[in-house]
Amino acid sequence: MRKIIDGYRLDTDTAVRVGEAGYDGSSSDFGWWEEALYKTPRSGMFFTVGSGGPRSNYAVSAGQGSWSGSRDVFRILAPKAAFAWAQAHLPTDVIEEHFGGMITDA
């Protein structure tokens with residue numbers, strides 16, 4: 001999948017898939033969601049691609065107080081936001097591999 005946002009071409013076929021997360025429920029559950037974090041090979045920019053139901057962060061207004069889910073939504077993340085996303089959803093070894101420079105030993 002490809003999308004251009006703010007003049008940046010984001011391509012899931014060429015970017016590194018860092019990891020994924022989601023709600024393990026059925027897609028018929030209004031709160032379902034799934035999201036993958038990617039890193040571009042050229043600039044190291046992070047972005048997510050996600051989908052979700054009408055009670056997820058991917059909800060969109062369908063008018064007249066009604067909500068619908070959406071699919072394949074691209075979002076660019078600042079490095080700190082991508083690091084926070086990774087800490088919330090990914091195992092330690094993956095975080096260390098992709099965000100090692102942002103980690104401080106206690």
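What follows is a run of questions and answers about the labels used for this predicted model.

It is a predicted model, so local features need pLDDT of at least 70 and side-chain atom pairs count only at pLDDT 80 or more, while totals for chains, interfaces and linings use all residues. Residues are numbered from 1 along each chain as its sequence is written, and side-chain values use heavy atoms, with hydrogens and water left out.

Q: What makes up the fold of the protein chain, from the N terminus on?
A: The order is β-β-β-β-β-β-β-β-α-α, that is, two helices and eight strands. These are DSSP runs numbered from the N terminus: helices are H or I with at least four residues, strands are E with at least two. The C-alpha trace spans about 50 × 35 × 20 Å along its principal axes.

Q: Why is phenylalanine 47 called buried?
A: Its relative accessible area is 0%, and buried means under 20%, with exposed over 50% and partly exposed in between (1.4 Å probe, protein chains only). So phenylalanine 47 is buried. Tyrosine 38 also counts as buried, at 6%. Of the 106 residues of the chain, 36% count as buried.

Q: What makes the pair of tyrosine 38 and phenylalanine 47 stacked?
A: The structure holds four aromatic pairs. In one of them, tyrosine 38 and phenylalanine 47 lie 5.2 Å centre to centre with 15 degrees between the planes. Rings of Phe, Tyr and Trp (its six-membered ring) pair if their centres lie within 6.5 Å; planes under 30 degrees apart count as stacked, over 60 as edge-to-face and the rest as tilted.

Q: Why is the pair of phenylalanine 83 and phenylalanine 99 called tilted?
A: Phenylalanine 83 and phenylalanine 99 are 5.4 Å apart centre to centre, with 35 degrees between the planes. Phenylalanine 83 is buried at 14%, and phenylalanine 99 counts as buried at 2%.

Q: How do you know that glutamate 20 and arginine 17 form a salt bridge?
A: Their side chains meet at 2.9 Å, N to O. A salt bridge is a side-chain nitrogen of Lys or Arg within 4 Å of a carboxyl oxygen of Asp or Glu, so glutamate 20 and arginine 17 qualify. The structure holds one salt bridge. At 47% relative accessibility, glutamate 20 counts as partly exposed, and arginine 17 counts as partly exposed at 47%.

Q: What is worth noting about phi of aspartate 6?
A: Phi is near 50 degrees, a positive value in a residue other than glycine. Most residues other than glycine have a negative phi. Aspartate 6 sits in the loop between β1 (2-5) and β2 (8-11) and is exposed, at 69%. Aspartate 72 has a positive phi too, of about 55 degrees; aspartate 72 is found in strand β8 (residues 70-77) and is partly exposed, at 42%.
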